[in-house]
Amino acid sequence: MRLPFSIDKDIEVGVIWMAVKLNDKGSIYDITIWEEHRSKGYGKKAMQEIEAFAKDKGIKSIGLHVFGHNKKARDLYEKVGYRETNSKMEKTL
């Protein structure tokens with residue numbers, strides 16, 4: 001499902017793509033904060049909105065994928081309580 005992410009329901013600052021699975025789990029496929037609204041705390045607010053939505057739907061856990069090079073996103077997810085559960089490595093030849 002696609003959820004527009006807004007400030008006070010008036011100004012859309014980004015979009016959240018999330019799936020609700022049958023086993024009481026959710027998956028975040030994408031969180032995008034429009035460039036002109038970045039670094040203003042909306043990423044953290046989006047994560048709070050996702051949790052509230054998930055709890056309302058009876059979701060017990062939420063998973064997501066984050067690229068290893070995306071330090072800003074990794075830091076945000078760790079700050080709001082996500083922990084690393086696996087790692088994939090690759091070598092360019």
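The questions and answers below concern a predicted model.

User: Is Met18 buried or exposed?
Analyst: Met18 sits in strand 2, which covers residues 11-20. Its relative accessibility is 1%. Buried means under 20%, so Met18 counts as buried.

User: What distance separates the C-alpha atoms of Met18 and Ala54?
Analyst: Ala54 is one of the buried residues of helix 1, and Met18 is buried too. Along the chain the two are 36 residues apart. Their C-alpha atoms are separated by 9.7 Å.

User: How far apart are the end C-alpha atoms of helix 1?
Analyst: Helix 1 has 15 residues, and at 1.5 Å a residue it should span 21 Å. The distance in the model agrees with that expectation, because the end C-alpha atoms are 21 Å apart.

User: Within what arc do the buried residues of helix 1 fall?
Analyst: The buried residues in helix 1 are Tyr42, Ala46, Met47, Ile50, Phe53 and Ala54. Seen down the helix axis, they line one face, because they fall within an arc of 145°.

User: Which exposed residues does the face of helix 1 turned away from its buried side carry?
Analyst: Exposed means over 50% relative accessible area. On the face of helix 1 turned away from the buried side, the exposed residues are Lys55 and Asp56.

User: Where is Ser39 found, and what is its phi near?
Analyst: Ser39 lies in the loop between strand 3 and helix 1. At 63% relative accessibility, Ser39 counts as exposed. Ser39 is a residue other than glycine, yet its phi is positive, near 65°.

Note on methods. Residues are numbered from 1 along each chain as its sequence is written. This is a predicted model: local features need pLDDT of at least 70, side-chain atom pairs count only at pLDDT 80 or more; totals for chains, interfaces and linings use all residues. Side-chain values use heavy atoms; hydrogens and water are left out. Helices (H or I, at least four residues) and strands (E, at least two) are DSSP runs, numbered from the N terminus. Buried means under 20% relative accessible area, exposed over 50%, partly exposed in between (1.4 Å probe, protein chains only). The expected span of a helix is 1.5 Å times one less than its number of residues. The arc is that of the directions from the helix axis to the C-beta atoms.
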